[in-house]
Number of protein chains: 2
Amino acid sequence: MLQVHQQTRTVPANIGWREADVARRATLAKDPLAALESLGTTMAVRRGQEIYAEGDPAECCYKVVEGSVRTVKLVADGGRQIGDILLPGDFFGFDSFGEHYFSAQAISASVVKRYPRRAVVTRAQGDATLARHLNELTAKALQAARRQMVRLCRTSASERMASFLLEMADRSEGADGYIHLPMSRSDIADYLGLVIETVSRVFSQFKQDRLITMKDVNHIRLVDRDMLVELQGDI
Amino acid sequence: MLQVHQQTRTVPANIGWREADVARRATLAKDPLAALESLGTTMAVRRGQEIYAEGDPAECCYKVVEGSVRTVKLVADGGRQIGDILLPGDFFGFDSFGEHYFSAQAISASVVKRYPRRAVVTRAQGDATLARHLNELTAKALQAARRQMVRLCRTSASERMASFLLEMADRSEGADGYIHLPMSRSDIADYLGLVIETVSRVFSQFKQDRLITMKDVNHIRLVDRDMLVELQGDI
DNA sequence: CGTCAGATTGACCAGAATCAAAGTCAGTGG
DNA sequence: CCACTGACTTTGATTCTGGTCAATCTGACG
């Protein structure tokens with residue numbers, strides 16, 4: 001995942017930036033990636049539809065315009081690892097040269113913008129500022145991937161879940177204070193390196209401990225954010 | 001970690017390329033990063049010495065010339081995650097903008113070359129080809145980090161160890177067929193997300209199963225490479 | 001109402017961590 | 001030359017987190 005550049009919040013860095021943030025910033029400073037926009041074409045994808053597959057030649061990169069996207073790696077035993085959960089404004093598919101290591105699928109019906117890599121590279125050749133911004137984007141994605149690595153490797157199930165909820169809250173908390181989770185328990189599990197039963201159990205525990213409440217399975221409100229922050233540890 | 005570009009071997013991609021490989025290639029195609037060399041200054045570091053700390057402003061990037069380097073992230077409970085193990089020819093510290101997320105320390109007495117970021121960026125501004133190569137390097141490091149994430153999250157202790165041994169064999173197998181591991185069991189454990197006892201037990205198991213032999217704790221020969229490859233799975 | 005996919009809960013199990021005790025080896029000094 | 005030290009490694013016993021297997025529960029939809 002490539003993120004729009006800038007680092008101001010004290011928040012896990014694999015969190016992307018919302019379209020809204022980008023738009024807001026654009027009024028202050030010009031969007032450093034605006035130079036790309038004219039290269040892109042917009043396309044709609046259905047829920048579950050694959051945008052690109054593992055091993056596909058990495059001919060294009062993308063941005064989520066509406067909806068949500070996951071990147072997925074299938075592993076030997078039939079398991080799945082979700083690399084990123086992408087929301088509007090997030091870039092993805094920039095990371096690969098040669099071929100895509102993850103596939104990308106729409107979690108819900110979505111709109112994505114596609115940029116042909118060749119055209120992006122060509123434009124970057126002639127626009128040093130764009131090139132620098134692209135590289136910073138990739139570097140930030142790398143830092144985010146490293147952070148996620150530590151998270152998956154060094155934290156307990158409940159720490160991961162706390163971290164996940166805080167991340168999602170920061171990215172998509174609605175005006176009513178509820179987070180909308182566009183993905184299933186299975187997606188959450190595969191993103192956090194857990195199984196669905198564990199995800200479900202931790203949700204139940206959090207409810208019991210009055211850390212969260214749930215309107216329905218996909219709408220969650222963080223009641224005790226401080227406790228969740230403490231729980232997640234300082235990764 | 002940034003790797004010298006090119007992708008030919010069927011080997012885990014977070015493996016760097018040896019100086020020897022780079023030199024060999026340079027006789028065929030010009031080293032795409034040769035443009036950087038004049039910007040670098042060489043420095044010696046003692047065993048255990050810190051090259052930069054977590055949170056330090058990322059003012060320089062580096063390449064290992066001799067010896068070995070680890071990147072380290074300290075986690076809440078006093079634990080440690082090693083992000084990369086770097087051998088001669090490997091670049092590191094390129095990934096961070098702003099500040100370093102990991103620290104870097106010499107595993108053994110080493111020589112590293114340091115490149116001021118400002119100068120690198122300036123040169124890249126005026127050299128589109130260099131800029132492209134730098135970005136590809138970062139993208140490859142990102143892909144490697146993602147692969148490592150999957151490895152740490154989805155595989156058993158012995159799969160990780162098999163993968164680690166094959167990786168190290170590919171990077172530093174000597175003429176006598178022995179791999180020299182410059183790091184302690186503790187480093188291996190923290191690189192693979194295990195504890196030292198588990199690392200030790202898996203080594204013992206591998207010896208018992210005639211997959212490896214050991215001259216001493218730091219010199220290992222892969223006896224049954226095919227079996228190790230099978231063990232590591234297809235991450 | 002029945003069906004079906006997804007979510008929850010419970011009982012049990014396995015793999016790796018933790019706790020504890022030796023074993024190895026290089027270096028030091030009598 | 002040998003005993004002593006201290007760091008590192010290996011091995012064993014036990015614990016515990018999270019996975020596996022299995023049984024409901026829930027809610028959307030025809």
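**View 1. Residue classes of the surface near DNA strand C.** The surface near DNA strand C comprises five nonpolar, six polar and five charged residues. Here Ala, Val, Leu, Ile, Met, Phe, Trp, Tyr, Cys and Pro count as nonpolar, Asp, Glu, Lys and Arg as charged, and the others, Gly among them, as polar; a residue is near a strand if one of its heavy atoms lies within 4 Å of it. The model is predicted: local features need pLDDT of at least 70, side-chain atom pairs count only at pLDDT 80 or more, and totals for chains, interfaces and linings use all residues. Residues are numbered from 1 along each chain as its sequence is written, chains are lettered from A in the order in which they are written, and side-chain values use heavy atoms, without hydrogens and water.

View 2. The side chain of A:Arg185 places an N or O atom 2.7 Å from a phosphate oxygen of DNA strand C. For B:Arg201, a side-chain N or O atom lies 2.9 Å from a base oxygen of DNA strand C.

View 3. A phosphate oxygen of DNA strand D lies 2.7 Å from a backbone N or O atom of A:Ala157.

Definitions and conventions: A polar contact is a pair of N or O atoms within 3.5 Å; within protein, one must be able to donate a hydrogen and the other to accept it, and residues adjacent in sequence count only if both atoms are side-chain atoms.
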